[in-house]
Amino acid sequence: MHAPILDLDFIDNRTPEQAASCDTKVTADSNTGRQRKLYIESYGCQMNFSDSEIVSSILFEAGFDTTSEVNSADLVLLNTCSIREKAEQTVRNRLVQLNHLKKKKPNLVIGVLGCMAERLKKNLLEEEKMVDLVVGPDAYRDLPSLINEVDEGQKAVNVLLSREETYADINPIRLNSNGVSAFVSIMRGCDNMCSFCVVPFTRGRERSRDAHSIAREAQALVEQGYKEVTLLGQNVDSYKWASEDGSEKVNFAQLLEMVALISPDLRVRFSTSHPKDITDEVLYTMKKYDNICNYIHLPAQSGNSRVLKLMNRTYDREWYMERVDSIRRILGEECGISTDMIAGFCSETEEEHQDTLSLMDYVQYDLAYMFFYSERPGTLAARKLEDDIPLETKKRRLEEIIDKQRQYSLVRNQLAVGKVHRVLVEGFSKRSDEMLSGRNDQNKVVIFPRMHFKKGDYVDVLVTDCSVGTLFGEPVL
Ligand code: SAH
Ligand code: SF4
Ligand code: F3S
C-alpha cells in the first residue's frame, strides 16, 4: 500500500493514518451549552495543531464551544502556515470558500491565526477583505477582547511577538484526539536563521516553557488515560529552562528524563531534533528509558556541505554523518531516523543533488518529508541568493529523492519483519473495523487483527509482512 501522492510540493511516504495527523483540519465538538460556537481549522506543523488546542481553551473560557460543523459556527478560525508558498495558497483558497458562507451568514466572524497572520499582519485584512481578525502566535490570550472589537464592528489585529509567552498555564482542550496520544509544546519560536526558513519571522525568539508545567501537563494526561506524549519544539535540543532564582536548570535530556519518569506506561516522543544540537546525553537518556521511543526526526535538508552552508544550517555533511553514527552506536541499528529534504535550493548543482541522494544511501532513513525549495519573502535566502533552479529541475530532483526514499522505507520496514514489536493501539485501521492500527517504538504504523484488543492497549505484535508505509502482523498471545 503506497501513501497517496498529494502534490509535488509536499510529498512523503507516510501512511494515510500518519498523514491524517498533519496538514488537515482540526476541530471537535464540545457541547457545554455555551452561547457561541467556534470552528477551528489548522494547517502546517504540529505546533500549530497544539496551538489550536490552546486557542480553544482560551475561547472556551470566553464562552465558546467548539464545533466540527463549519455551518453552525459563529466564529471560524484558520490557524495558518507560511512555510511554503503552496501552504499560503491553500489558506487563501479556503478563505474564498468561507466568504461564500459569510454572504449567507453576515454575522459570521472569520479570523486568521498563526504564521500567515504574523507574516502578513494587517495586509491580510486589506488583501483578503473577508477577514475580520488577524492574530499572531503570541497574542492568543488577547483573542476574547479582539473578538469584542469585531463584535463592535471593527477589524481587529494583534501580531505582537513576545519573548516570554509560552502559554504554560493554559490547559489545552484536546481537539480530534484519539484519547491515546497528545502533543505538548515545550518551547516556542526559533533562534536559528536557516536561510530558507520563515519560522523565525513568524514565531519569534526561542523560549523554553517551565519544565514543571510540562511535567504537570504530562501527568494530567496520564491521569486522563493518555498513553503517549510528543514533546514539541522547532529545535528541542536547545530546550533550556531555569527557575527564576536560577537555582534549578533543566536541559532537554533532563526534561526527557523528567517526563519519562512520570509513568513507565507513558510513551515519550519528541520533535524536531536539530543535527547541530542533538547531544549524546539525549541519546543516552533515550537508551536508559524504555518508554522514550527509539525514533529521531533529524532533518538534514541537504547532503552537500556547500549547500548546507548556504542554508545556514551550521553543520556540514561530515558532522551530520557523525551524529547518525552516534545514534547507531548508542541506540542501535533499529533506532528509527527520519529527515526533511529540500530539493533545488539556490545554486544547487547536479553533483550537489547527488550528495543528498548519497546521504540517503548512507543513513537509510525510515521516513522522509520531502519538498522542493519555495522562496519565502524576507528570508535570508530571498534577500541574498537567487532562486535560480528551474521548477522542472526542482521537481525532477524531488522525484529522485522520493524514489530513493521509497526504496529505503521498504528496506527499513523489511528489517522489522519476523520480529515482535510493542504496539500502542490508536484505533481501528482505516480499511476495516476488524483490524487495529497503532505504532511501534520506531513510529511505524502496524496493522493487526483486532481480537479482544482496544484503543490504548499495548500489544506485542509479530510482524509478518510490510509495505513501503506500513507493517502488518499478528498479536502474540
Ligand atoms: N525546525 C525544523 C523545521 C521546521 S519547518 C528543522 O529545523 O528541521 C519543516 C520543514 O519544511 C523544514 O525542515 C524544511 O525541510 C521545509 N522547509 C522550510 N522552509 C522551506 C522552504 N522555503 N521551501 C521548501 N521547504 C521548506
Ligand atoms: Fe526554520 Fe531552521 Fe528554525 Fe527549523 S531550525 S524552524 S528550519 S530556522
Ligand atoms: Fe508552518 Fe508556522 Fe509551523 S510556518 S510549519 S505553521 S511554525
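Two strands pair if DSSP finds at least two bridges between them. In this predicted model, strand β20 and strand β22 (residues 470-475) meet that criterion, with three bridges in the parallel sense.

**The five-stranded barrel**

- Five strands close into a barrel, and their order is β18-β19-β20-β22-β21.
- The pairing within this barrel is mixed, and the twist from one strand to the next averages 55 degrees.
- Strand β20 spans residues 445-449 and includes P449.
- Leaving aside residues up to four places away in sequence, P449 touches E434, M435, G473, E474 and P475.
- The C-alpha atom of P449 is separated by 49 Å from that of L124, a residue 325 places away along the chain.
- Helix α15 lies across β18 (420-428), β21 (458-466) and β22. The direction of α15 is at about 125 degrees to β21.

**Packing of helices α13 and α15**

- Two packed helices are described by the angle between their axes and the distance between the axes.
- For helix α13 (residues 350-363) and helix α15 (residues 391-416), the angle is about 15 degrees and the axes are 10 Å apart.
- Because angles under 35 degrees count as roughly parallel, α13 is roughly parallel to α15.
- The crossing of α13 and α15 is right-handed.
- Helix α13 contributes E350, H353, Q354, T356, L357, M360 and D361 to the contact. From α15 come T393, R396, R397, E400, I401, K404, Q405 and Y408.
- By residue class, the contact of α13 with α15 comprises four nonpolar, five polar and six charged residues.

**The three-stranded open sheet**

- An open sheet of three strands, with parallel pairing, has the order β8-β11-β14.
- Strands β8 (181-185) and β14 (267-271) stand at the edges and have a single partner strand each, so one side of each lacks a neighbour in the sheet.
- Direction ignored, neighbouring strands of this sheet are turned by 25 degrees against each other on average.
- Strand β11 (residues 228-232) pairs with β14 over five bridges in the parallel sense; T230 has R269 as its bridge partner in β14.
- Helix α2 (residues 46-61) lies across β8, β11 and β14, and runs at about 90 degrees to β8.

**Backbone details**

- Most residues other than glycine have a negative phi, and most peptide bonds are trans.
- S271 and T272 are joined by a cis peptide bond, with omega at about 10 degrees.
- T272 is found in the loop between β14 and α10 (280-288).
- Q301, a residue other than glycine, has a positive phi near 75 degrees.
- The loop between β15 (295-297) and α11 (305-310) is where Q301 is found.

Note on methods. Residues are numbered from 1 along each chain as its sequence is written. Chains are lettered from A and ligands numbered from 1 in the order in which they are written. This is a predicted model: local features need pLDDT of at least 70, side-chain atom pairs count only at pLDDT 80 or more; totals for chains, interfaces and linings use all residues. Side-chain values use heavy atoms; hydrogens and water are left out. Axes are lines fitted to C-alpha atoms, for helices over the stretch in contact, and angles run from 0 to 180 degrees between N-to-C directions. Helices (H or I, at least four residues) and strands (E, at least two) are DSSP runs, numbered from the N terminus. Angles under 35 degrees count as roughly parallel, over 145 as roughly antiparallel, 65 to 115 as roughly perpendicular and the rest as oblique. A crossing is left-handed if the near helix is turned anticlockwise from the far one by less than a right angle, and right-handed if clockwise. Contact means heavy atoms within 4.5 Å. Ala, Val, Leu, Ile, Met, Phe, Trp, Tyr, Cys and Pro count as nonpolar, Asp, Glu, Lys and Arg as charged, and the others, Gly among them, as polar.
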